[in-house]
Amino acid sequence: MIDYQPLYNTLLDVKADSWIKLLPRQLADALDSLRHGNSAKWQSALNSLPKVTATHRILDADSIQIGRPEDLSEADRVELERQLKTFHPWRKGPYNLFGIEIDTEWRSDWKWDRLKSHISPLNQRLVLDVGCGNGYHCWRMLGAGAKMVVGIDPLLLNVIQFQLIRRLHGEAPVYVLPIGIEELPRGLKAFDTVFSMGVLYHRRSPIDHLLELRDCLQPGGELVLESLVIEGKSGEVLMPEGRYARMRNVWFLPSCETLMIWLKRCGFKNIRLIDVTTTSDEEQRSTEWMQFHSLKDFLNPENPQLTCEGLPAPKRAIFIADNPLR
Ligand SMILES: C[S@@+](CC[C@H](N)C(=O)[O-])C[C@H]1O[C@@H](n2cnc3c(N)ncnc32)[C@H](O)[C@@H]1O
């Protein structure tokens, strides 16, 4: 069981009382859904993990390292690897757990490398990571000195993967909560830095998403926003008619210029575009730990500049912006 008291104490310090009132119910509801179907299987696998807590932990490396191979017997390591594989698919990482390399679908460390030298130092900051997946970047944020990191993600498998990594790591000021951004109360104004990476294009109303993100920030806080974008002029946006790279839930892909206008109109200041990268099939690919189709299967085999639907292939941009002091 995770002790949420340090989280409640911190939320109290930043006067996030409205969330403190909701959170116990939100956690209980998630626990409730964990008792059903696949989730029940994950919960019981989580409970039967070897009772070991690592003393060796490196959070500021490409592959998050928890435990050394020699901390576990060979039999326990084989068993741990077997259990970890019941939590397939592993999308975000990589991790090295007691010598077991979890080679995830994504090299999430590459995204971190693109932004880490551009963001305000995270030392002693209270950080929110919206749509954090299994929490890979949350650990990197903690490794970069954050006082506390709160990740939110509605997908239970992500939350469970995080919980098992946290179990092996031991107590730390990092949480991944099973909720979507729309479940946060309005007007929190609690966090020093808010990350939203890979979420904007999944929201039906991207402007509302930006306003929700701003609403989570303290005055003077920093937003780090990463999204799929298209080549195009100011004002241009692609709305796929159906799927995009096989994903059903993609709504709006703006050009970088358009996204900068959106940020400006939502009241952000000092808006900077710090990176644009076309996603490669070295960064996102099928592996032993994610055996489903991946990027290569979603592109046009004759022209990898296009998705299989004939739309521009995935390109991602990272923006940093300030929430004004007043
Ligand atoms: C493309 S992944 C990005 C993961 C991670 N942030 C990264 O950049 O590698 C998008 C994540 O957003 C989560 N998500 C979807 N809808 C959300 C919502 N309404 N609120 C918060 N997260 C959401 C998904 O479950 C998924 O884990």
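What radius of gyration would a compact globule of 326 residues have, and what does the chain have? I looked this up first. The rule gives a value near 20 Å, and the chain has 20 Å, which agrees. I note that this is a predicted model.

**Entry: overall build**

I took the extents along the principal axes next. The C-alpha trace spans about 60 × 55 × 40 Å. I then asked for burial, and 37% of the 326 residues count as buried. For contacts, I looked at pairs at least 6 apart in sequence. Of these, 69% join residues at least 24 apart. The secondary structure comes to 10 helices and 15 strands.

**Entry: the seven-stranded sheet**

I traced the strand order. It reads S7-S6-S5-S8-S9-S15-S12, in an open sheet with mixed pairing. Which strands sit at its edges? I found S7 (174-177) and S12 (269-278), each pairing on one side only. The twist from one strand to the next averages 15 degrees.

I then went through some of the pairings.

- S8 (residues 191-197) and S9 (residues 217-228) run parallel, joined by six bridges. Within this pair, Phe-195 has Val-224 of S9 as its bridge partner.
- S9 and S15 (residues 315-322) are antiparallel, with seven bridges. Here Ser-227 is bridged to Ala-317 of S15.
- S12 and S15 are also joined by seven bridges and run antiparallel. Leu-273 stands opposite Phe-319 in S15.

What lies across S5, S8 and S9? I found helix H8 (residues 206-216) there. H8 runs at about 155 degrees to S8.

**Entry: the four-stranded sheet**

I moved to another open sheet, of four strands. Its order is S1-S2-S3-S4, and the pairing is mixed. S1 (57-58) and S4 (100-102) are the edge strands. Each has a single partner strand, so one side of each is left without a neighbour in the sheet.

Inside the sheet I checked S2 (residues 64-66) against S3 (residues 95-97). They pair in the parallel sense over three bridges. Gln-65 has Asn-96 of S3 as its bridge partner. Helix H7 (residues 156-169) lies across S1, S2 and S3. I read its angle to S2 as about 50 degrees.

Met-197 falls within the residue range of S8, 191-197.

Most residues other than glycine have a negative phi, and most peptide bonds are trans. I listed the exceptions below.

First, the peptide bonds. His-88 and Pro-89 are joined by a cis bond, with omega about 5 degrees. Gly-93 and Pro-94 are joined by another cis bond, with omega about 15 degrees. Where do these prolines sit? Pro-89 is in the loop between helix H4 (74-85) and S3, and Pro-94 is in the loop between H4 and S3.

Next, positive phi. Gln-124 has phi near 65 degrees. I placed Gln-124 in the loop between helix H5 (108-115) and S5.

Arg-246 has phi near 70 degrees. Arg-246 lies in the loop between S10 (237-238) and S11 (253-254). With 14 C-beta neighbours inside 10 Å, Arg-246 counts as partly exposed.

**Entry: Ser-286**

Ser-286 is in the loop between S12 and helix H10 (295-298). I counted 16 C-beta neighbours inside 10 Å, so Ser-286 counts as partly exposed.

What does Ser-286 touch, leaving out residues up to four places away in sequence? I got Glu-105, Gln-291, Phe-292, His-293 and Ser-294. I also took the C-alpha distance from Ser-286 to Val-250. The two are 36 residues apart along the chain, and their C-alpha atoms are separated by 21 Å.

Methods:
Residues numbered from 1 in each chain as written. Predicted model: local features only at pLDDT ≥ 70, side-chain atom pairs only at ≥ 80, totals over all residues. Pairing = 2+ DSSP bridges. Helix = DSSP H or I, 4+ residues; strand = E, 2+ residues; numbered from the N terminus. Axes fitted to C-alpha atoms, helices over the stretch in contact; angles between N-to-C directions. Contact = placed C-beta atoms within 7 Å. Rg over C-alpha atoms; globule rule 2.2 N^0.38 Å. Buried ≥ 20, exposed ≤ 12 C-beta atoms within 10 Å, placed from the backbone.
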